[in-house]
Each structure stands twice: as C-alpha cells, then as structure tokens.
Amino acid sequence: MGQTVNVNFKLDSDVKKRMELACAEMGLSMSAAFTIFAKKVGREYRIPFEVSADPFYSESNIRHLENVMQDIKGGKAHFAEHDLIEVD
C-alpha cells in the first residue's frame with residue numbers, strides 16, 4: 001500500500017450524520033467507505049453509480065419558467081381555483 005494522505009472536504013452536517021449511520025450499519029467507517037469509492041473510481045474511471053441532473057434545472061424548463069414569469073408580469077397569466085385546493 002502506498003503512502004496515505006489526508007483529504008479534506010465539506011459536507012452538510014445532516015448528510016454526514018446519515019452517512020455515518022449508514023456506514024456504521026455496514027460495519028464501515030466513513031474513511032473506509034470513501035476509500036472504497038476512490039479505489040473503484042480509480043480502477044474503472046467512472047462514478048460507480050448513476051449521476052443525473054434534476055430535470056427541474058434543465059435548460060428547457062428554465063426557459064419555460066422564464067416565459068411563465070414574463071406572462072405573470074405582463075398580466076397574460078390567468079389563475080383559477082383548483083378542485084384540489086381547499087379554500088377557507
């Protein structure tokens with residue numbers, strides 16, 4: 001095994017807590033889990049799980065939302081009460 005080095009990065013505290021719990025359930029430390037991940041990436045030259053973008057942030061959806069906002073600001077949007085919305 002080669003020389004070990006420290007790697008530092010930031011995580012949201014809730015993400016860290018959930019990962020610590022999951023790792024503990026598997027009998028792993030977070031360090032071991034990240035080492036497994038790093039070795040797999042280095043061996044296969046890919047992320048070992050599917051990574052995808054949230055379609056909400058796609059270019060086409062952003063353009064659609066911008067157009068809707070223009071319609072709202074321009075008074076072209078028409079809003080109606082929906083059957084699923086309870087009005088007091």
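Predicted model: local features only at pLDDT ≥ 70, side-chain atom pairs only at ≥ 80, totals over all residues.
Residues are numbered from 1 along each chain as its sequence is written, and side-chain values use heavy atoms, with hydrogens and water left out.

In general, side chains of opposite charge can pair when their charged atoms come close. By salt bridge I mean a side-chain nitrogen of Lys or Arg within 4 Å of a carboxyl oxygen of Asp or Glu. How many salt bridges does the structure hold? There are 4.

Let's begin in helix α1, residues 13-25, which contains both K16 and E20. Helices here are DSSP runs of H or I, at least four residues, numbered from the N terminus. K16 and E20 sit 4 residues apart, about one turn of the helix, and their closest N and O atoms are 2.7 Å apart. (Buried is under 20%, exposed over 50%, partly exposed in between, using a 1.4 Å probe and protein chains only.)

Next comes helix α3, residues 59-73, with E59 and R63 placed 4 residues apart. Their salt bridge has its closest N and O atoms 3.6 Å apart. E59 is exposed at 64%, while R63 is partly exposed at 46%.

Finally, salt bridges that share partners join K40, E44 and R46 into one network.

How values were computed: Helix = DSSP H or I, 4+ residues; strand = E, 2+ residues; numbered from the N terminus.
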